[in-house]
Amino acid sequence: MYSVSIKNLTKHYGKIRALHDVSFTVDEGEIFGYLGPNGAGKTTTLRIIMGLVYASHGSVQIFGNDHQSSAIRNDIGYLPGEFHLYGNMTGQGLIEYFQQFRLQKPPVLREQLLNALDIQPSDLKRKVKFLSHGTKQKLGLVIAMQHDPKLLLLDEPTTGLDPLVQKSFREIVLDRINNRRTVFFSSHVLSEVEAVCSRVAILRAGELVAVESIENLRNKMVRRLQVRFHGSVPGNLASVPGVTRSQIMGKEVTLWIRGDVNPILRTIAQTEVESFIFPEPELEDIFLTYYNREG
Amino acid sequence: MNGALQNIPPFMRALIEQQFFGGLTQKGLLGFGWNHPIALAIGTAVALVFASRAVAGEIESGAMELILSQPITRLNYFTGHVLFALTSIALMSLIGVCGTLIGIQVYSLAPLEGAILFKVAFNFFLLHSTWYGITLLFSVFGREAGHVAFIGFLLALVSYFVQVIAQLWTKAAFLLPYTVHTYYSPQKIFVNGELKPISVIVLLGLIVVSIGIAGWRFRKRDIP
């Protein structure tokens, strides 16, 4: 059974088209990434799934049931992209307040989450308005996950988290998968999605560009490599397997590489290099890949 | 005192007898306490704050998204807010009654019938519940509590002043039925013991219609 099934989802805000004919499914026990730049429609999709926004066309089902049902939300944990916590409540008070909505689902993961996310007892006693953005984000994660939901919907969950806590968050997510839970999270950072997801849907300007496994995505992705050579530029770079395009400006070469990077690295290793830049691929690189334009 | 009233300009006498002091009697003065601008302002402010924060305020702050992602229906959320607000306004009315009783006791005034106290408290409750309902209607269409509260405040202010002016200026008297404050008459309740059925019908009708439409709209709108 699919955890989430979306068919022909369309949303218009007046004349503005936020989503157009988006369809995909999320399997049970999967970590599914929803990738796209700011304004692509990721948050709109999540809000429609949660019943906060009404679709103009199309359908959404969660565990085979109508997504509008409030009962289904017992099995969902949702972390909005931007949210407000009641500032005059303490961290502990807030966690317990939201638990009261699910009295039949005890907070079995609360202690584990508090430890993994490094939330100090002093943070729990302090009023929320005096907490840092990162700590508030952690509290949001605890609220979303403490009842061990079958489906986690997370909108940019690692925003404001330091790298160590991001790592802990990834471990928590992977642990959930081992317990047959489904995770659906949106992000505009490719590396974040690459690190944990098995599949990813790529959204741009409200339209689905692709739904791929991470492995296929890596194989298809065109990545940029910039090398400054000490001596003359080797003449055979453009013919190295994987190189789709090259641009030479003096001693500096930019190469576009798809798939296996080892052949070009072996070729470059045979020469003297002054500088070597192989940046993390950006979303635009992915879009260019799928629109068949490079650089 | 009544002799003195005869010698003041007619419009001032109307102001004193109708709007403020109910004819300078003990009951009339007690009635004025329920129609004092400060008492009205406090009651209206409570109604406006509750209404503006119920939907627009929660959307503005971002809390609404987190709340409605919990397993509660929008109807439950809306009903909870409405019940809380109406209960609070009822408590305010009760506090007014307690204040009146304390004042009667402290100043050794003639006791009042329970029916009069009930009617005036009920009228006070209806008036501020009406402002709550009207402002709530704007709240479910809005996204910012401040804007919504300001609209509610303006409407209440206009209603109050139009009612005062229409009572003093005969050419504006036709406006009286269209102001909410026309249906709030504590002085008449204290002096004559009457709460006109039309006042109850109009105010209750406004409350039911405004809250009903607000509830329908809230269930249909996108968040935010």
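Reader: How far apart do the C-alpha centres of domain 1 of chain A and domain 2 of chain A lie?
Author: They lie 37 Å apart. Bear in mind that this is a predicted model.

Reader: Which residues belong to which domain in chain A?
Author: The domain assignment gives 2–213 to domain 1 and 221–290 to domain 2.

Reader: Now helix α5 of chain A, residues 133–145. What should its 13 residues span?
Author: At 1.5 Å a residue, α5(A) should span 18 Å. Its end C-alpha atoms are 18 Å apart, so the two values agree.

Reader: Is α5(A) largely enclosed or largely open?
Author: Largely enclosed by the rest of the structure, because eleven of its 13 residues are buried.

Reader: Which ones are buried?
Author: T135(A), K136(A), Q137(A), K138(A), L139(A), G140(A), L141(A), V142(A), I143(A), A144(A) and M145(A).

Reader: And what covers the buried residues of α5(A)?
Author: In chain A, the cover includes the strands β6 (76–79) and β7 (151–155). It also includes the helices α2 (91–99), α3 (110–116), α4 (121–125) and α6 (163–178).

Reader: Staying in chain A, where is R181(A)?
Author: In the loop between α6 and β8 (182–187).

Reader: What does R181(A) touch?
Author: Leaving out residues up to four places away in sequence, R181(A) touches K150(A), L152(A) and R176(A).

Reader: How far is R181(A) from L255(A)?
Author: C-alpha to C-alpha, they are 41 Å apart in space, and 74 residues apart in sequence.

Reader: N8(A) next. What is its phi?
Author: Near 50°, which is a positive value in a residue other than glycine. N8(A) is placed in strand β1 (residues 2–13) of chain A. With 13 other C-beta atoms within 10 Å, N8(A) is partly exposed.

Reader: On to chain B. How many helices and strands are there?
Author: Chain B has ten helices and zero strands. Of its 224 residues, 40% count as buried.

Reader: What about contacts within chain B, between residues at least 6 apart in sequence?
Author: Of those contacts, 73% join residues at least 24 apart.

Reader: What can you say about the length of α6(B)?
Author: α6(B) has 33 residues and reaches 48 Å from its first C-alpha to its last. That is close to the 48 Å expected at 1.5 Å a residue.

Reader: Which of its residues are buried?
Author: The buried residues of α6(B) are R74(B), Y77(B), F78(B), H81(B), V82(B), A85(B), I89(B), S93(B), G96(B) and T100(B). Their cover includes α3 (26–35), α4 (37–61), α5, α7 and α10 of chain B.

Reader: How do α6(B) and α7(B) pack?
Author: α6(B) (residues 74–106) and α7(B) (residues 114–141) pack at an angle of about 145°, with their axes 9 Å apart. The crossing is right-handed.

Reader: Which residues meet there?
Author: From α6(B), they include A85(B), I89(B), S93(B) and V97(B). From α7(B), they include L117(B), A121(B), F124(B) and H128(B). The residues of the contact divide into eleven nonpolar, five polar and no charged.

Reader: What happens just after α6(B)?
Author: S108(B) takes a positive phi of about 50°. S108(B) sits in the loop between α6 and α7 of chain B, and is exposed, with 6 other C-beta atoms within 10 Å.

Reader: Where is there a cis peptide bond?
Author: From I223(B) to P224(B), with omega near 0°. P224(B) lies in the segment after α10 (197–220) of chain B.

Reader: Last one. How many residues are in contact between the chains?
Author: 13 residues of chain B are in contact with 17 residues of chain A. On the chain B side, helix α5 (residues 63–68) gives the most, with four residues. That side divides into six nonpolar, five polar and two charged residues.

How values were computed: Residues numbered from 1 in each chain as written. Chains lettered and ligands numbered in written order. Predicted model: local features only at pLDDT ≥ 70, side-chain atom pairs only at ≥ 80, totals over all residues. Domains from an automatic or database assignment. Axes fitted to C-alpha atoms, helices over the stretch in contact; angles between N-to-C directions. Helix = DSSP H or I, 4+ residues; strand = E, 2+ residues; numbered from the N terminus. Left-handed = near helix turned anticlockwise from the far one by under 90°. Contact = placed C-beta atoms within 7 Å. Nonpolar A, V, L, I, M, F, W, Y, C, P; charged D, E, K, R; others polar. Expected span 1.5 Å × (residues − 1). Buried ≥ 20, exposed ≤ 12 C-beta atoms within 10 Å, placed from the backbone.
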